[in-house]
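Good morning, and thank you for coming. Please look at the sequence and the structure on the screen, and I shall then take you through selected parts of them.

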Amino acid sequence: MLAFTLLLMTACLSRTRALVTIHNAQAVLDERDETISVLLLEFEESAAEWLWETDATRRVIRPSARFARACGRAPADIDGMPILQLLAGPSWDSGTFAAGLRALAEKLRNRDSFVNLRLPIRFTEQERWWQLAAAPRYDDRGIFCGFRGVGADVTDQRASADKINRMARFDTLTGLPNRRLITETLSDAMIAAEACGGRCAFMMLDLDRFKAVNDTLGHPVGDRLLCQVAERLGHMMSANRSCGRLGGDEFALVVRDASDTGAVEELAGRIITALSRPYDVDHYTLHIGASIGLAFGPRDGRTSEMLIRSADLALYRAKDAGRGVFRVYEPALYVQAEERRVLEIALRGALDRGEMSLAYQPIIDTQGGMLRGFEALLRWESPEFGTVPPSRFIPLAEDARIIAQIGAWVLRTACVEAASWPEGLRIAVNVSPVQLQNDGFVTTVATVLADSGLSADRLELEVTEGVFLREDRGATTTLARILDLGVRLSLDDFGIGHSSLGYLSRTRFSSIKIDGSFVRAAARGGREALAIIRAVVALAQSLDIATIAEGVETQDERQLVAALGCTHAQGDLFGRALPVTETRTLAERDWTDSAAA
Ligand code: C2E
Ligand code: MG
Ligand code: MG
């Protein structure tokens, strides 16, 4: 009995314990359920999303208030309605369904779960976009019993995505397609041209003198000017042509069907004329121009990148030709560009490899035949290309932005050398306009003078008119700061280029160098050359500026320039550009008794 009672008690106890555990577990579960429903309720009330549910026949069941409200109906109205019919709205009858709806139908049919499924909804006049996610439901026995998921209205989100997409493809200032979109347009045009054996065209357009407007009148005026340019371009577009802004003052144009090349060239001419007409911006009348590079695809480039590069090379050529014109790409441009590229690579390392040196050409006083000093001339002896003339590699160094480094080396080497010459001799060093644009240039000159110990008035920097043709005004300021150091300035190559004596008033020059071609023309009896030299000499005398005749090769030329009143001369007659050792011998010579040799 006792044993039985004990057994019974133990059994009861363990049963009770089990019951308590079960009860507790149930309580936890109930509580969790409650929490979930509260959470769901909250979700339903506040979130921008709603729950939806269907039965196995794809009909809406237990529609929530929010879901019904999103549909613009009462819950009872949509209860039991086929979900596809509900979402299709008015298009249900027409039978033409949006891609999103068709995708949804497919998912429901295949019982696949899905996320981020977007579809347009048209319950009212205004189209909205919904995003749905759902998973199939199965009961305990594994039988499919419908879908349950969430939905959200993403119309606003989509609009901002559209806007971002638009911003990524259109220029914000002018509203024109940007580089990305115009490149895509070009690719499409190339594919179309390829498909029908036709040709398309690409124009690269650069505004002339735009930078001057921007620099002098400020960016807001520059921006408004760009908008007017865009507007004029826009007026010239059609279904066959699109234009865009590549950035800065660069625009581009795609002509889809360019089988009539003559018409495309004529269009380029008309665009230049249209863009060169004066602009009215903020009460200013502005005059700018345009240069165009034109390339035809697939002839001038099989891919859009190649075609753009070809148009760019042609644009380069148009600018070289004095701007305000268009140039059509030709294969020779590519060959030249390739040669330049290879030469540029060699040039980059030339200084470090010790391939560069300076030669010094004497400058003589025409009256007494005395040595006044030397002009330092840069020489490049390339193991690969041989002797490359400065006329070839200096422009390259300017374009490749290595002129500052090379120029600084020239200045330093020349000044150190000149410091070893007798006191009275000067050194003239050529300075490229690009160097003057560099903020650090004045500091370089000051440092070199200090390091070499050369007195500032023995250094003469030769600049060309190109300095003033640059579109910024910084050069004049830089020149003034150089003058403040006590360094002299010389106007080089007068007679080629613009030959405007007006430049003499821009800054204080110590001398003006008349180009050799002018001297030769005068010696051959060229009346214009003679008249100009006379005028230059007269003006220089009145301003107390020296005149140096360049490229004097014969005694006749020497006598002529002396008779015309040029104070100094330079040229093969007096000596070619000499290596440094010969220069030293010449510099050390006693010049006091060397009368007109
Ligand atoms: P430039 O400054 O006008 O230099 C005078 C040029 O005329 C030199 O050519 C010189 O060799 C040449 N020349 C001198 N006498 C005669 C002559 O009697 N007959 C003829 N036909 N030519 C003569 P080079 O050395 O070929 O230099 C050409 C140009 O390259 C220079 O013209 C100058 O503008 C530029 N250049 C030379 N060295 C430098 C440099 O270190 N820096 C910069 N930025 N430019 C330089
Ligand atoms: Mg010179
Ligand atoms: Mg010269």
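Let us start with the second largest pocket, whose lining, sorted by class, has 8 nonpolar, 2 polar and 8 charged residues. Please keep in mind throughout that this is a predicted model. The space in the second largest pocket comes to about 440 Å³. Of its 18 lining residues, Tyr316, Gln336, Ala337, Arg340 and Leu396 are the closest to the centre.

Which helices supply this lining? At least two residues each come from helix 12 (304-320), helix 13 (331-350) and helix 14 (390-399). Helix 13 gives the largest share, with 8 residues.

The domain assignment divides the protein into domain 1 (45-169), domain 2 (171-329) and domain 3 (341-587). Domain 2 and domain 3 each contribute at least three residues to the lining of the second largest pocket. The centres of domain 2 and domain 3, taken over C-alpha atoms, are 39 Å apart.

I turn next to the metal ions. Which residues are the protein donors of the magnesium ion (ligand 2)? They are Glu375 (OE), Asn430 (OD1), Glu462 (OE) and Asp492 (OD), at distances of 2.0 to 2.2 Å. Along the sequence, the spacing of these donor residues reads E-x54-N-x31-E-x29-D. Glu375 belongs to strand 13 (residues 371-382) and Asp492 to strand 17, so this pair links distant parts of the chain, 117 residues apart. Glu375 and Asp492 are both buried.

Asp492 also leads us to the other ion, for Asp492 bridges the magnesium ion (ligand 2) and the magnesium ion (ligand 3), with 3.9 Å between the two.

Glu550, at 10% relative accessibility, counts as buried, because the term applies under 20%.

Thank you for your attention.

Methods
Residues numbered from 1 in each chain as written. Chains lettered and ligands numbered in written order. Predicted model: local features only at pLDDT ≥ 70, side-chain atom pairs only at ≥ 80, totals over all residues. Heavy atoms only, no water. Domains from an automatic or database assignment. Buried < 20%, exposed > 50% of the residue type's maximum accessible area, 1.4 Å probe, protein only. 1 Å grid on protein atoms, 1.4 Å probe; cavity = no way out; pocket = protein on both sides within 12 Å on 5 of 7 lines; lining within 4 Å. Points joined across faces, edges and corners; volume = space filled by probe spheres on them. Helix = DSSP H or I, 4+ residues; strand = E, 2+ residues; numbered from the N terminus. Nonpolar A, V, L, I, M, F, W, Y, C, P; charged D, E, K, R; others polar. Donors = N, O, S within 2.8 Å, 3.2 Å for Na, K, Ca; no water.
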